[in-house]
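Biologist: Could you walk me through how to read this one? I'd like to go feature by feature.

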Amino acid sequence: MASSPAQVIFNITPTHSPQTPHSIVSFFYQNAGVAQLASGLSVLGQVFAAGELPRHAQLTAAIAGVTVAVQMDIKTTHPDGSANMVLLTVERPALAAGASLQVDLALGSGPAPAALDLRAGLHGHHLAATLTGPGLAPQHFDVLAALDHALAAGTASIWQSGPLASQARVAIDLPGSARLVFDVTLFRDGALSVEAQFNNDGAMEATGGRVVRQIAVTLDGVAAPAVSLDQGQYQNWHGSFSTSTRDGGQGLGSAAGGWLNIRQDVAHLEATGAVAHYDLTHGVNTSLLDGFAAAAAAPGWNAPLGTHGVATFMPGTGGRADIGFTTAANTAWLMTQDARAANYAIGQAEAASAAPWHLWDAQHGTWLGTNAYPSLWTDARGGVGRPGAAGSTGLTQQPDAATGWTLDTAHQPDLSYVPYLMTGARWMLDNLQAQASWNLMSQWPAMRGEAQDLVVQDNQVRGAAWSLRQIDEAAWASPTGSAEKAAFTEASAANWAWLVSKIPEWTAQQGEAHGWLPGAYGTPGALPPWQQDYFASTAIAAARHGNADALTFLNWEANFLVGRFTHTKQGMPAHDGAAYLLAIADPATGTPYATWASIGAHTAALGWSNGAGWGQSQGDYPQLALATLAGIAELTASQAAARAYRALLADAPPFTATSDFTRDPTFSLIPPASPTMAALSVVLGADSWQGHPDAVILLDGREVFHGLIAASHASGGIAIELGQVSLAEPHAVTVRFLNDAWGGTAATDRNLHVEDLRLDQVSTGQHADLFATGEVTLRLPGAAPPALPVPAPPPPAVPGVLIHLGLSEDAWAGHAHATILLDGVVLAANREITASHAAGKVQYLDLRAEMTAGAHTLTVRFLDDAWGGNAAADRNLYVDSVAIGGVDLHQSAALLWSRDTSFSFTQQGAAPVIGSGPDSLTLGLSADSWGGNPHFLILVDGRQMGGVQSASASHAAGQHDFLEIHGSFGTGQHQLTVRFLDDAWGGTAAQDRNLHVDSLSLNGVDLHRHASLLASGDAVFAF
């Protein structure tokens, strides 16, 4: 009898099936504990793709079709203004032990409810913190009084503001390098939770150093266990305190009772580009999850400044589970959504607080950066700086050796990014930003170009990979409009722009094998290809985030990263692409070997080659190569990368079986999609005067048929089968006619007719006639490549008129592509449309154009129709809506083949503008003007904007006047009032003065509001 396996594969979260129509995304509440979990409010992070949650849109949440309360706090936005990273607070019913409930999120409408009054809610609560230590008098802090003062003064930092939860931060400076940071959340039910950070992170202070102290916290009269900290400078510690066991986020409760686990739709998260594209079919071995649970249950796990499985000596190599694209725990959490992985990963996020890489610049109110200190280096060799002196070359205080940590950019773990995405916890974002700042400041200033922020120049490639990864993640995750967002985005952009600028130089140096990033290696002339894979993972992640320069660089890298597996005939054994080392340059001169043959020959000569085996690949090197090839195939539609992936996996390199990935899922990325295959055939017919026509058929330049064609043209000819072809790639079918003959009349003629080109017996509609010796080539275009994951640029400061198009598609063998023209001039070329028409999805495309007053024509051109012979095999494009300048044209069109559809409209002259600010309300008005034009006033939130206005456009003729109202409307509820002043009536419909509000748009988005004022009075519109 076969024995059962000692370990089993953990079942991953099943694909979510929304129970609410038009759901955007779903998640699950799960009680992973052994007792009932009471109802309450839950907080989580949620990422949306561009356009999924438009600017100013609202969300609804439903459980089993029953609407529950939801609050969204938008942290980052896409360039089109739609929400990207959102902190959600959602009502949660009680959950029995082991139970799960699905929560569907969908677009809603209407104004957001009023936010909780945090200052009022603090009354009746008390939070006291007392610090004691050797030689120090006790220090007592009334935290809520400090927060109330900061709220009153406008200095508190707001993180949540809504009807379910409001959160604000107050910081309290201490002598030396220490400070206290409290994030206080008030929930709807009156409960209070506090995320407290006891930080010793002050950099460039006059005094600092190690702090030994005891911390006592009392919340509403309940004293938490005292905590003893022996804290080195640049180390932080985080603790949580709450009056409620009902309200909170991931991990609320405990495994011994009710225990909240929030299972998110990871496939959706992957599709947004926020995380790598993991292979969710692999799963994770239960032994790994059980190991996480055992470690978290072991004594000392919750000790302050605990390391939680993170290597404190970071330069150490070996099979470390904390380094890679992200940690093994984060990967397991993403892939399984299991509470054990989540709990362990959050513990490692706590360890990120303990790592001495927190460099807070109190003078500038942010993390230490090169804008303030361009020449500063955190290494002791930088010297001793002076507090606040911009020219400082070193820190004023160096970290001590007693922390137990040795930091290293080349082996640093990514501890905070994934936990922050999943939870939205602000203290985790602090750690992510701190680590990114440290990566900049720990780089030698001459190497990074002082304030140029280059971490990729002359660095170890793995150091460049992980440093830029942290900077990119902090740039992506930091809230829109924050100083941190600006600083890390600037640093990220500088690195990718520098890399792109080096492409011509490096291409010339590296020759036909170009595409590898130069860097510092231990062995002269050697290149570890797996370090190139590390950097490729950073490029892939940045490209998925929408970085155009990263995608450009990845395309350049692909020549080497793919080519190392595809040049066996040129002398580069395919197995050496995943070897530990390659000979890449002359060890004496450093001159790169410029051919695949020279790389292969020198690698073999040095004994580094795998040859036909895998002796030099005994590690995760083939896993890394597979991940790189998969990422390149996904982002660039490279069929060469996809073929290389399949060939490499078919050779069974070490540690690439499914069981290997389930034990260690760190590099378990989804393989390239297998190409869709179809049987290709050509139908040939003959005019056979004095013999049959002699035909040759070539497929992609390779001869696949040569023979005489006897089947007559009149009878429809004969089908010649050419075999299976991939629909993902373009193909060329060439038909040659070799023996033309002509007797002077139509009846005395030898010809060859290409009657049809067919895929799976379905006509492509292509045909040709060869009336003389020669050839004709018929082409199949292949699937269109994926749209480059580069977001559209933000609107210009002087935006022109907004054109708001709603588009969708039927996708078959690729997505639909469209070009948009205004009056015959291209506004947007070859835009890919991915929203499913059948699923009721719409993809909005916003374009801006300067227009003169008068008639205009907007054209949508469908570029790439495809038809496979039935309704399920059809590519179509739909124009679902068209709005110009906030006015809906109420027009649509279905493009079922490649063609143009046009929409005519009349653009009014420049609208008058009242008010100032970044937001714009556009009001469309018309009039019944008996005895004079109607006059009106505009009020926003009860405040009059501008003076008396008038409308003259004829309502009866369908004309419109427009008025723009500018202001800083931001989020939350607002009211627009249109006050009609001078109604008049002569007794008949023709003798009437009225004012009509025909349209209202906010920042170009139609709010679908209108009203007719038939008597003097107000029309009030909420927005």
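**Strands, shape and core**

Modeller: Let's start with a pair of strands: three bridges join β46 (residues 913-915) to β50 (residues 961-967), and the two run parallel. Keep in mind that this is a predicted model.

Biologist: Which residue of β50 stands opposite Gly915?

Modeller: That's His966. β50 is also joined to β47 (residues 919-929), by seven bridges.

Biologist: Zooming out, how many helices and strands does the protein have?

Modeller: The count is 18 helices and 56 strands. The globule rule gives 31 Å for 1023 residues and the radius of gyration is 33 Å, close to that, so the protein is as compact as a globular protein of that length. Along the principal axes, its C-alpha trace spans about 115 × 100 × 65 Å.

Biologist: What share of the contacts join residues at least 24 apart?

Modeller: Counting contacts between residues at least 6 apart in sequence, 72%. As for burial, 54% of the 1023 residues count as buried, meaning under 20% relative accessible area. The accessible surface comes to about 40,100 Å², with 55% belonging to carbon and sulfur atoms.

Biologist: Which residues touch the most other members of the largest nonpolar core?

Modeller: That core has 171 residues, and the ones touching the most other members include Phe182, Leu368, Trp496 and Phe553.

Biologist: What does Trp496 touch?

Modeller: Leaving out residues up to four places away in sequence, its contacts include Leu468, Phe535, Ala539 and Phe553, along with Asp472, Thr538, Asn547 and Asp549.

Notes: Residues are numbered from 1 along each chain as its sequence is written. This is a predicted model: local features need pLDDT of at least 70, side-chain atom pairs count only at pLDDT 80 or more; totals for chains, interfaces and linings use all residues. Side-chain values use heavy atoms; hydrogens and water are left out. A nonpolar core is a set of buried Ala, Val, Leu, Ile, Met, Phe, Trp, Tyr and Cys residues joined through side-chain atoms within 4.5 Å. Buried means under 20% relative accessible area, exposed over 50%, partly exposed in between (1.4 Å probe, protein chains only). Contact means heavy atoms within 4.5 Å. Two strands pair if DSSP finds at least two bridges between them. Helices (H or I, at least four residues) and strands (E, at least two) are DSSP runs, numbered from the N terminus. The radius of gyration is taken over C-alpha atoms; the globule rule is 2.2 Å times the number of residues to the power 0.38. Accessible areas come from the Shrake-Rupley method with a 1.4 Å probe; for residues, only the protein chains shown count as cover.
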